[in-house]
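Please read the following points with the sequence and the structure at hand. They concern the way in which two chains meet.

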Amino acid sequence: MHIMEGFLPAPHALAWTIAASPFVAGGLYALRRTLQAAPERRMLLGVAAAFAFVLSALKLPSLTGSSSHPTGVGLGTLLFGPLAMVPVGLVVLLFQALLLAHGGLTTLGANLFSLAVVGPLVCHVLFRAARGVGVPFSGAVFVAASLGNLATYVTTAGQLALAFPDPLGGVTAAFAKFVTIFALTQIPLALSEGLLTVLVVNTLRRLNADELRNLPLWRGLAEAKP
Amino acid sequence: MIGCVRSFLLGGAVLLLGALPLWVIEPGEAAFQGSDQQAQAEISRLAPDYQPWAKPLFTPPGSEIESLLFALQAALGAGLLGYWLGRATARAEFRKAASVPSAAVCPTVDHPAGAKSVGRDTTQESPHVD
């Protein structure tokens, strides 16, 4: 999902940066509030950030013969809410943009929007919806984390289609092309991310049940049997 | 115990998902090229005249250094995850060890504090059973 440095026309790059910035501000505010309410959550936040760090460093092979990487932001979203993952995503993307020439500063806004805004938002909404209709706990975690990951890549495809419409078919045709590249490759990886998120959430519930009970999003959910 | 079995099954499924493509896909010329690169190629097909207007400030010199930095990123994350897992497992064990005798033998003795001095865990979040 990394749009390379300079690969978005300047107006697009600027627009996505502007679109992402309120979420950065909101995310920093949300993080500060959640840590002020319970400073011992620092460790849990560290776990969520570490998970995103590991997963976004792993380029995995896919059944399409190409490779891509998971995002790892689903876990933190399920623990701390979608906004809290924006600063975490920003740190991951800055690390990769500055040290790995992966992504870039001009495309930081667009990449942040897909990775840390749309992905977590979809994950959060799906988790609530799935629990709302009675999907078992682990199932809801799996669905939310997988489809949140996929949503990030569909967003990237949309961003590129808007910037580089097909000369004949316009934005729609370009979107179809980019979505084929990104989303198809991503399906097995999204499944992997879903499974890994379930694994870590299960471990958390086994070892950190008290702390989870106190998280606003998990009130009443942590107790529900999987 | 059931949790452990489930964890192994989940981990196995992830490994399988990762290994399957290596098995199934015939290694071609651009075997397992990143989808980011493929998208970049698609951009040059859709807009052949497009010139990237910015360059990365720093590009890792060579693929060896690049993989070093990627490994570093993963190691940082995995290191922290391992630290937490070890700490949380030990804490859960101390709690169990502390709560069983105190409930059965002498409920007034402050066992959690005793358990605490055994381990290195000196943070405040430690044993608060209930």
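At roughly what angle do the axes of helix α7 of chain A and α1(B) cross?

1. This is a predicted model, in which local features need pLDDT of at least 70 and side-chain atom pairs count only at pLDDT 80 or more, while totals for chains, interfaces and linings use all residues. Residues are numbered from 1 along each chain as its sequence is written, with chains lettered from A and ligands numbered from 1 in the order in which they are written.

2. The axes of α7(A) (residues 170–207) and α1(B) cross at roughly 160° and come within 9 Å. Axes are lines fitted to C-alpha atoms, for helices over the stretch in contact, with angles from 0 to 180 degrees between N-to-C directions. The two helices are therefore roughly antiparallel (angles over 145 degrees count as such).

3. Among the residues of α7(A) and α1(B) that meet are A:L195 and A:R206 on one side and B:R6 and B:L10 on the other. Contact requires C-beta atoms, placed from the backbone, to lie within 7 Å. By class, the residues of this helix contact are 10 nonpolar, seven polar and two charged.

4. In total, 53 residues of chain B are in contact with 53 residues of chain A. Of the chain B side, α3(B) provides the largest share, 14 residues.

5. Strand β2 of chain A (residues 66–68) pairs with β1(B) in the parallel sense over two bridges; pairing requires at least two bridges found by DSSP. B:Q33 in β1(B) is the bridge partner of A:S66.

Note on methods
Contact = placed C-beta atoms within 7 Å. Helix = DSSP H or I, 4+ residues; strand = E, 2+ residues; numbered from the N terminus. Parallel < 35°, antiparallel > 145°, perpendicular 65-115°, else oblique. Nonpolar A, V, L, I, M, F, W, Y, C, P; charged D, E, K, R; others polar.
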